[in-house]
Amino acid sequence: MLRFLIRRTLGAALILLLISAFTYFMYFAIPQDPAMLACGKNCTPDALALIHKNLGLDKPVPVQYWDYLSGIFVGRDFGVGHCSAPCFGVSFRNNQMVWDTMMDRLPLTVSLTFGSLIVFLFAGLGAGLLAARFRGTWLDKTFSGASLVTSSFQIYFIGPVVMGLLVFSTGWLDKPKYVPISEDPWGWFMGLLIPWIIMATIFTANYTRMARSSMIEQLQEEHVRAAKAKGMSSRYAFFRYAWRGSLIPIITILGMDIGGLLSGGMVTELTFGLAGIGRLARDSVVGKDLPVLMGVMILSAAFIIVCNIVVDALYAVVDPRVRLS
Amino acid sequence: MTMSENNQTTTAVAEAIPQQRDADSAPLLQVKDLKKHFPIKGGFPIRRTIGAVKAVDGVSFDVFRGEALGLVGESGCGKSTTGRLLTRLYEPTHGTITYNGQDISTANRKQLAPIRSEIQMIFQDPYASLNPRQTVGSIIAGPMEINGINPPGGREARVRELLEIVGLNPEHYNRFPHEFSGGQRQRIGVARAVALEPKLIVADEPVSALDVSIQAQVVNLLQKVQREMGIAFVFIAHDLAIVRHFSQRVAVMYLGKIVEIADRDSLYNRPRHPYTHALMSAVPNADIDAVKKERIRLEGDVPSPISPPSGCRFRTRCWKAQDKCATEEPPLVQISGSREGHLTACHFPEEPTTADRGEDIVLDPALAALEDESGANA
Amino acid sequence: MTTLTKTEDAPAPTGGDAFLSVRDLKVQFSTEDGIVKAVDGLSFDIERGKTLGIVGESGSGKSVTNLTVLGLHNRKSTHVEGEILLEGKELITATEPELEKLRGNKMAMIFQDSLTALSPYYTVGRQISEPFRKHTGASKKEARDRAIQMLEKVGIPHPKQRVDDYPHQFSGGMRQRAMIAMSLVCNPDLLIADEPTTALDVTVQAQILDLLKDLQQEFGSAIIMITHDLGVVANMADDLLVMYAGRAVERGSVREVLKSPEHPYTWGLLGSMPRLNSDVDEPLLPIPGSPPSLLNPPSGCPFHPRCAFTDKVEGGKCKGDRPTLPVGRGSACHLTADQKQQVFIETIQPRLG
């Protein structure tokens, strides 16, 4: 297990390095001076030169990249001030430290992700297991039908509809907003309730269908029948024998979904007017803000890679045949 | 029928083989010290090859024109890998395969092209080995197209003829594989294999996926094409009775090596290698009045081909094993008392006759314990 | 031999020595394509301590019969008729909790492929001890000791260590032994072995068959041995039932059926399998055609489209009338007893060697 973690961590570092290099050099392939953005409309050549110097843009690109990389570990000094490790540079747009900006935005994304995760995991797996257990009954048909409908929902459509209903027409809830949980737990909960419900609805449908189909597949397995043949109740065979086997596909998808959600549900955040990592990513792309773009890219990639490593480690926990190496 | 009568008839067939060989003495296919090692990756921190599955580990044999050579052994003995090496579906790790005087073990695609049409393969699974999106006609015509062969009367006429030969309705030319039963699909596989009138067919467990009543149909069909078209066969199977029925000579494999090779009669009636003897004794006979042979029950399963036992590979399960077996690998040679062409790799071979019922050998500890118990109670 | 004295058509009250009695069993599945008559009027009895071999090819209904005996068929899509009496207790109408108490306890099953029939997620020891705990109420410790004892009995070396291994850490032969240990852990009176050695190599098969025989001596269980291999039944069984297209076509003692078979399908099976001592110059005698679809089985005798002897029966009875399997030793075929004997001795036997 330890060897596995060391190997995978080294691999992850290599991938992050490649991603950062790729993004960095691609950015400089764009024929536009990034300092122009920071300089604004009334730009003089002197001001531009100063910005170049402040941001370190006067050096050759490989040197800049090296400075960038070493900054992550030891920090850097810019004209605008010291950037302590982990330093992801300074935004071209507003001269703020990228790392601080990301840390500002992250709590919202994490709240959105895990809030909806708890709902869709319980609702989705629960409904999927019930549908599989009572396969072919009205219960199964209801769940399967409902999940088919809701999984085809798009967040940018259903989001405004639900908001229109719950916020603007009836006024039952406030417009979604983010309040840190440490300041006001109730406000945090109420502020994110609508996005949670909407996200969970869509994900629940996927997890219902996945749990149902993988349980049905597992129930056909010979070892489930063998468990019944030795007198175990069908409930026992269902929850002990079939369930264990369906965990693998569920863990796989869950890992991908968590990674994806943490790296920013861009559409969700934009739909509900929330400013998280997704929104930051979009703004950095639109604003050609390289340091922010780089920071978000690396953070997102790191989330996805970590989720992958955790998923692979979980495989070995669930299935004794899997050997980590 | 008694054993002695049976011996006579099989002897007659067996003796016919050396004569055939004299007529055309160069073997069609010569295999020398053939090896196939599948690397195992692993290690830390950098993944590298840390070992190998020695699936085939030094196998030599000849196949003569028109003969059927059986290859038997239990799972993991390397018989299927050998078959795939012969048809160059796998690249050999070591050794040579000489076909008609030409070394094909290292030949490239271009050099192989003319030979590919002469060596064909029939696979075990008639469901997986036929492309479900192709009609039967184009499956069977495939080899002709690839090799650019235009038989007189056209490919379609030839395919219809082939369908007829393998006992399928030529009208079914345009049907798809899923419209056929397992046995019929295997017939399609046979038609495809014989389409180019090959000199050698490697048949890898061609009937083991089929129902008993269908097995016999396909065995008879293979025997028909073998005899009528004079095709040499390497017939790979785990069923000793079917191999005996089909093959004039039989090689027994154990853990990547041939432990014994002989003509059918000599191998089945006078096995010299303890493993061959144990195999024969393990086959359940449907004839309840057959002369009871000694009962040999080995212990455990075949060891792993990753780290096979030193010396003789069978020694860990052999009741005759001595110190020598662990240190010295027995060569595959004709040992005294054996008939010509009967080669055995054993330091302490069985007697050349097994006509009398010998003593039972029960190595399996569970059986020994249970039988001691019931013996003591009785 | 096992007594087969009950009449086919009139289910007699149970009693006598029969430990398991199946009477006129019919099993039908509804599928999208129609109704599959998987088992169609099957009757047999088996005594304690005896072995009944059921021989047939895929689709003959042999496996379905045994799943039905255990009540493991899909109850929603399956229609079952007839009687299955285990020590006089009717199993078809039994409730699920009643069946759970019997399964693994009074009747157990050995599956064909131990790799799929053992869960990869739990240790061998846990899987063996589960039914023991359930049926005897033993503690975890007692059940574990029992599992070790059973593993030792079936010949697993170092059972104390191996009890904590997972199935994939066992070789094929050892896994099959572990499965036998699992099925015998509660001393069942009836053991159903569904092709228990088909997935195994021949030397391992011989070990396992002998092991089953020896354990049967010790445990006194009745065994139903389902197989397609006549060699295996010749070795193991006391009585034999030959099934074709969901019906029993011949039955008798092993000697009777293998030495003087009466049904053309049995002849075909015998003629299809080469033996180690048969004449290699004689081609095999296959059965032409393929097994029928159970969605739409042939009229009359289900074997008639593949049978070479229908012209010996007058009036086209083979196509129109379904032959019945007589009481005790016999076969479901319209040929007269003399014809059967004559055909077998003159045309079949000489070619079997």
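How many positive and negative side chains does chain C have, and how far apart do the centres of the two sets lie? In this predicted model, chain C has 39 positive and 45 negative side chains, and the two centres lie 4 Å apart.

## Chain C as a whole

Chain C is built with 13 helices and 11 strands. Its radius of gyration is 21 Å, close to the 20 Å that the globule rule gives for 353 residues, so chain C is as compact as a globular protein of that length. Taken along the principal axes, the C-alpha atoms of chain C fill a box of roughly 70 × 50 × 40 Å.

Of the 353 residues in chain C, 61% count as buried, and the accessible surface of the chain comes to about 13,100 Å², with 49% of that area belonging to carbon and sulfur atoms. When the contacts in chain C between residues at least 6 apart in sequence are considered, 65% of them join residues at least 24 apart.

## Helix H1 of chain C

Helix H1(C) is largely enclosed by the rest of the structure, because 8 of its 9 residues are buried. These buried residues are Lys62(C), Val64(C), Thr65(C), Asn66(C), Leu67(C), Thr68(C), Val69(C) and Leu70(C). Just after the helix comes Gly71(C), which takes a positive phi of about 70°.

## Chain A as a whole

Chain A has 13 helices and 2 strands, and its C-alpha trace spans about 85 × 55 × 35 Å along the principal axes. Of its 325 residues, 48% count as buried. The accessible surface of chain A comes to about 16,300 Å², and carbon and sulfur atoms account for 67% of it.

The charged side chains of chain A number 27 positive and 20 negative, and the centres of these two sets lie 12 Å apart. Among the contacts in chain A with a separation of 6 or more, residues 24 or more positions apart account for 66%.

Side chains of opposite charge can pair when their charged atoms come close. A search of the whole structure finds 47 salt bridges over all chains, and a few of them are described here. In chain A, the side chains of Asp174(A) and Lys177(A) meet in a salt bridge with an N to O distance of 4.0 Å. Asp174(A) counts as exposed, at 55% relative accessibility, whereas Lys177(A) is partly exposed, with a relative accessible area of 39%.

In chain B, a salt bridge of 3.5 Å, N to O, brings together the side chains of Glu197(B) and Arg158(B). Glu197(B) lies in the loop between helix H6 (182-194) and strand E7 (200-204), while Arg158(B) lies in helix H5 (residues 155-165), so the pair ties together parts of chain B that are 39 residues apart in sequence. What is the relative accessible area of Glu197(B), and what is that of Arg158(B)? Glu197(B) is exposed, with a value of 51%, but Arg158(B) is buried, with a value of 11%.

In chain C, the side chains of Glu96(C) and Arg75(C) meet in a salt bridge of 4.0 Å, N to O. Glu96(C) belongs to helix H2 (residues 96-102) and Arg75(C) to the loop between helix H1 (62-70) and strand E4 (78-86), so the pair ties together parts of chain C that are 21 residues apart in sequence. Glu96(C) is partly exposed, with a relative accessible area of 26%, and Arg75(C) also counts as partly exposed, at 38% relative accessibility.

Salt bridges that share partners also join Asp287(B), Asp289(B), Arg255(C), Lys259(C) and Arg275(C) into one network.

Is Glu350(B) buried or exposed? At 8% relative accessibility, Glu350(B) counts as buried, and this residue is found in the loop between strand E12 (343-344) and strand E13 (361-362) of chain B.

Leaving aside residues up to four places away in sequence, Glu350(B) touches Pro271(B), Arg272(B), His273(B), Pro274(B), His277(B), Trp319(B) and Lys320(B). Ala290(B), by contrast, is 60 residues from Glu350(B) in sequence and 22 Å from Glu350(B) in space, C-alpha to C-alpha.

Methods:
Residues numbered from 1 in each chain as written. Chains lettered and ligands numbered in written order. Predicted model: local features only at pLDDT ≥ 70, side-chain atom pairs only at ≥ 80, totals over all residues. Heavy atoms only, no water. Buried < 20%, exposed > 50% of the residue type's maximum accessible area, 1.4 Å probe, protein only. Helix = DSSP H or I, 4+ residues; strand = E, 2+ residues; numbered from the N terminus. Rg over C-alpha atoms; globule rule 2.2 N^0.38 Å. Contact = heavy atoms within 4.5 Å. Areas by Shrake-Rupley, 256 points an atom, 1.4 Å probe, with all protein chains shown as cover. Lys, Arg positive; Asp, Glu negative; His and termini not counted. Charge placed at Lys NZ, Arg CZ, Asp CG, Glu CD.
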